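Welcome, and thanks for taking a look at this one with me.

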Amino acid sequence: MNIELFAHPLSFREQPQAQADRLAAHGVDGVRLAFSYRSGRWLLTTSTPCAVADFASGRWFRDEPAPHDGGRLELPVLGDDATTATAALLEPGIEVTAWLVGLHQSGPATAHP
């Protein structure tokens with residue numbers, strides 16, 4: 001049986017390797033990791049105590065600029081959490097797929113109707 005889950009990079013901010021190893025120990029084969037995400041409120045169950053994170057519209061979880069169309073739809077860079085999480089997940093053999101939410105970003109859509 002193949003077990004995959006969706007995850008947010010901030011879930012790996014504290015002890016990324018321990019979080020990845022915990023998923024592997026529970027039989028997780030793959031993670032669809034949010035490299036770009038719309039605004040929202042996340043309950044990060046991997047932090048102690050559980051933290052609530054609020055994000056404004058459209059964030060890119062890498063340390064390099066997000067791909068864009070020549071300047072019209074650039075996303076603010078939040079940090080390099082996606083790279084850290086990816087490296088931690090690959091170590092125990094968990095497959096990582098980038099999860100991009102590109103059409104539900106109210107900030108860029110409002111700025112460029």
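**Notes for a first look**

1. Let's begin with the rings. This is a predicted model, and a search of the whole structure turns up one aromatic pair. The partners are Phe 6 and Trp 99: their ring centres lie 4.8 Å apart and their planes meet at 65°, which is over 60, so the pair counts as edge-to-face.

2. Where in the chain do Phe 6 and Trp 99 sit? Phe 6 belongs to strand β1 and Trp 99 to strand β6 (residues 95-100), so the pair links distant parts of the chain, 93 residues apart. Phe 6 counts as exposed, because its relative accessibility is 54% and the cut-off is over 50%.

3. Now for the partner of β1. Strand β1 (residues 4-7) runs parallel to strand β2 (residues 30-37), the two being joined over four bridges. Between these strands the chain passes through helix α1 (residues 16-25), and this β-α-β crossover is right-handed. Across the pairing, Ala 7 of the chain faces Leu 33 in β2.

4. Which residues of α1 are buried? They are Gln 19, Ala 20 and Leu 23. These three span an arc of only 95° around the axis, so they lie on the same side of α1. As a general point, an α-helix has 3.6 residues a turn, so residues three or four places apart point the same way.

5. What covers that buried side? The cover over the buried residues of α1 includes β1, β2 and α2 (81-90).

6. One last stop: after α1 comes Gly 27, which has a positive phi, near 90°.

How values were computed:
Residues numbered from 1 in each chain as written. Predicted model: local features only at pLDDT ≥ 70, side-chain atom pairs only at ≥ 80, totals over all residues. Heavy atoms only, no water. Pairing = 2+ DSSP bridges. Right-handed = clockwise from strand over helix to strand, strands pointing away. Phe/Tyr/Trp six-rings, centres within 6.5 Å; stacked < 30°, edge-to-face > 60°. Buried < 20%, exposed > 50% of the residue type's maximum accessible area, 1.4 Å probe, protein only. Arc of directions from axis to C-beta. Contact = heavy atoms within 4.5 Å.
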